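The following note sets out, point by point, how the model under review is built. Please read each point with the structure in view.

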Amino acid sequence: MGQVEFYIVTLVILASINAINVIGLNVQFGTAGLLNLAYIILLAIGAYATGVAALPPSPSHGYVTYIGGFSWPFPWDLLFGMAVTVACGAVLGIIVFTRVSVWYLAVTLTAIGYALLTVINDEPRLFNGYVGLLNVPGPWESQLSQADYQLVFCAISLICLGLIFLLTWRLERSPLGRAWRAIREDETAAMALGKNPLLLKLLAFSVGSLAAGMAGGLTVLYLGSWNTEAWQPNETFLVLAAVIVGGRGWTVGGVVGSLVTYDLLIEGSKYLPVIGGHLALLPTIQTMFLGLIVMAMLWWRPWGLLPEPKERHRLWAWLKEPRGSHPTVTLDG
Amino acid sequence: MASGAGAAPLLRVEALAHAFGGVQAVNGVTFEVHRGEFLGLIGPNGAGKSTLLDCLSGQIRDYRGRVVFDGQDVSRWPLFRVARTGLVRSYQVSRVFDRLTVLSNLLTAPPRQRGERLPWALLGGWRAQERHHLELAQAALMDFELTPLARTYASEVSGGQRRLVELSRALLTGPKMLLLDEPFAGVSPANRRRLGDWLLRLNQEAGLTILMVEHRLEQVERLCSSALVMAAGRVIARDSMANLRRNPRVIEAYFGG
């Protein structure tokens, strides 16, 4: 495999993981309206749980210590990571959804995100502080050549993306998806129709957590390490930007948003010429540029590049026919 | 009234009271509504009508007193559980799901939807039920002549049409009783009559029990067999509109100081 091919395969892997990631937040925020600004925490949980499931038992004296260490082979490590994320997401959901109204949700979750980060960084006995996890073995990494491993991982990422896409696609086109949107549009009105908001929100949060756990798990398996540097709470805003740019409320919008923000804007901007030798300038420009794009989107295309489509029904066929034949009287307010 | 006499009332409210801070908005209200009744609820501004409706529907939950609906004590139940018993409300300013089409708004309403449960939503098996709900929604659209708007976002229809969407959505939950908070608000004078006819038909032909807050007294007179009058958080009278107009206490509450 040449360097160009290697680069392309790496891009496909990262694009798939990012797409899974964005799909997760899109279910939570886009479809169900839960502005989860601690989304990155779910990713970190998925990554850590997957990492410690894949790693051998923690050495008693060493640089890296961790909880667990099961030496589980793929896919059990990833499934474990996803299960732990969903469980943690459900607990987090129960805490915030029972007590906090929608507008405080974002603030509460942001606070939880920063608090957790501080605790993890400053108490190394919990999750090994800044160092985190190292040398997490990837799927069949030791048995494959580097080129083959790269291709295998690419296939795994694409399969995972396909599975999560199918899952969310089916859910958001079902009456459950409709109920999620109803909660998003007007929670009180949905309650007045007998919808249980806590249950619906928890379901959306859990499905989003499943995707987050998967994305986090794949990330740690691919990169081989986990540390708090990679899970800064402000990373959530990047995912949120992708959701807004693509089209919140449906899976296709999430995938498009992920491709545009992560792969076109972030990856593409690496090809910009370095200005005056200031390497640190690039991330700053990226952030500014992304902020401008999000503002422009919210101004001109608030529902994204590919807005959520209207619900379609077999009834549409029937609806066409009486259009002309019926006398149409409307009530104007 | 006569139809429900003797039988257990559908809704019984006992000594219901609620205060906002120091203001006693509802102050010990007791009344019954019988099956098939179309009861008005009138009173000057600030009498506590909307607060009473909020308490009955579970929108406000920290009230004192008892609410028994259809033989079940629903006091202080949350809004969605009260709605599930068949006591369904509408709002003074219609609440629709803006970013859902008119048809999707209606389809949200039917209770016990299989497709809202995770396993069914995932594996399918909800389409037969959905087809049935589509038929119900289709009938509701026809009733209100909303069919041409079925595919329109609810945010894009007029104020009067929003009211119709909200009311037919409430009806699709299969309610035993409707709590209507000023259903004629936002509806043009020309169309109030049509809406009134429809409510009357619901009550008389479908036998639906209705409690309606309304300050347009001519509508209450036309539709309701009798009305409750509230003033300063209390029910001060319950009678037919013709008698209420002659009742000195009512006249004082409306026109006195």
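1. A residue is called buried if 20 or more other C-beta atoms lie within 10 Å of its own. The model discussed here is a predicted one. In helix H2 of chain A, 16 of the 16 residues are buried, so this helix is largely enclosed by the rest of the structure.

2. The length of the same helix can also be checked. H2 of chain A covers residues 39-54, and at 1.5 Å a residue its 16 residues should span 22 Å. The C-alpha atoms at its ends are 23 Å apart, which agrees with that expectation.

3. As a whole, chain A comes to 14 helices and zero strands. Its radius of gyration is 22 Å, close to the 20 Å that the globule rule gives for 333 residues, so chain A is as compact as a globular protein of that length. Along its principal axes, the C-alpha trace of chain A spans about 80 × 45 × 40 Å.

4. Two further values describe the interior of chain A. Buried residues make up 44% of its 333 residues. Among contacts in chain A with a separation of 6 or more, 78% join residues 24 or more positions apart.

5. The largest nonpolar core has 163 residues, and those with the most contacts inside it are A:Ile20, A:Met214, B:Ala227 and B:Val229. Helix H9 of chain A (residues 197-223) gives the most to this core, with 14 residues. Domain 1 and domain 2 of chain B both give residues to the core, so it lies between them. In soluble globular proteins, nonpolar side chains tend to be buried together.

6. Which residues does A:Met214 contact, leaving aside its neighbours within four places in sequence? They are A:Ile20, A:Gly46, A:Leu78, A:Met82, A:Cys160 and A:Ile164.

7. Chain B is divided into domain 1 (1-86 + 176-257) and domain 2 (95-174). The centres of these domains, taken over C-alpha atoms, are separated by 27 Å. Eight residues from domain 1 and seven residues from domain 2 of chain B take part in the contact. On the side of domain 1 that touches domain 2, four residues are nonpolar, three are polar and one is charged.

8. Between the chains, 35 residues of chain A are in contact with 44 residues of chain B. The largest share of the chain A side, seven residues, comes from H7 of chain A. By class, this side has 16 nonpolar, nine polar and 10 charged residues.

Conventions. Residues numbered from 1 in each chain as written. Chains lettered and ligands numbered in written order. Predicted model: local features only at pLDDT ≥ 70, side-chain atom pairs only at ≥ 80, totals over all residues. Helix = DSSP H or I, 4+ residues; strand = E, 2+ residues; numbered from the N terminus. Expected span 1.5 Å × (residues − 1). Buried ≥ 20, exposed ≤ 12 C-beta atoms within 10 Å, placed from the backbone. Core = buried A, V, L, I, M, F, W, Y, C linked by C-beta atoms within 7 Å. Domains from an automatic or database assignment. Contact = placed C-beta atoms within 7 Å. Nonpolar A, V, L, I, M, F, W, Y, C, P; charged D, E, K, R; others polar. Rg over C-alpha atoms; globule rule 2.2 N^0.38 Å.
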